[in-house]
Amino acid sequence: TDLLTALALAIALEGALYALFPEAMKKFMVQVLDQPDSLLRRAGLTAAIAGVALVWLNVDSYGSMFSQ
């Protein structure tokens, strides 16, 4: 399904970042741990809204994501 494909792509992209830039990813994780919860919540909510909007725009432009 499209949802499984999207999940696989997200995992592949994240894996590529860790494989290509391991030191940068470690530094990034340390920075994330130092951020307040409110900032992480706001960033997560912003990313979730942007993702839903992109999916909605894609489905709106190209039809149902579950159509064959």
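Let me begin with a definition: a salt bridge here is a side-chain nitrogen of Lys or Arg within 4 Å of a carboxyl oxygen of Asp or Glu. By this rule the count in our chain comes to one salt bridge.

Before I go to that pair, a word on the source. This is a predicted model, in which local features need pLDDT of at least 70 and side-chain atom pairs count only at pLDDT 80 or more, while totals for chains, interfaces and linings use all residues. Residues are numbered from 1 along each chain as its sequence is written, and side-chain values use heavy atoms, with hydrogens and water left out.

As for confidence, pLDDT is the predictor's confidence in each residue, from 0 to 100; its mean over the chain is 89, and 90% of the residues reach 70 or more.

Now the fold. Helices (H or I, at least four residues) and strands (E, at least two) are DSSP runs numbered from the N terminus, and the chain has three helices and zero strands, giving the pattern α-α-α along the sequence. With buried meaning under 20% relative accessible area, exposed over 50%, and partly exposed in between (1.4 Å probe, protein chains only), 1% of the 68 residues count as buried. The chain exposes about 6000 Å², of which carbon and sulfur atoms supply 71%, by the Shrake-Rupley method with a 1.4 Å probe, where for residues only the protein chains shown count as cover.

Let me take the helices in turn. In helix 1, residues 2-20, we find Leu4, which counts as exposed because its relative accessibility is 56%. Leu4, Leu7 and Ile11 make a nonpolar surface patch of about 320 Å².

In helix 2, residues 22-33, Lys26 and Glu23 are three residues apart and therefore separated by about one helical turn. Their side chains meet in the salt bridge, at 3.6 Å from N to O, and Lys26 is exposed, with a relative accessible area of 53%.

Finally, helix 3, residues 37-62, holds Thr46, which is exposed at 51% relative accessible area. A polar atom of the Thr46 side chain lies 2.8 Å from the backbone oxygen of Arg42.

Key
Patches are made of residues with over 30% relative accessible area and no salt bridge: like charges are joined within 9 Å, nonpolar side chains (Val, Leu, Ile, Met, Phe, Trp, Tyr) within 5 Å. A polar contact is a pair of N or O atoms within 3.5 Å; within protein, one must be able to donate a hydrogen and the other to accept it, and residues adjacent in sequence count only if both atoms are side-chain atoms.
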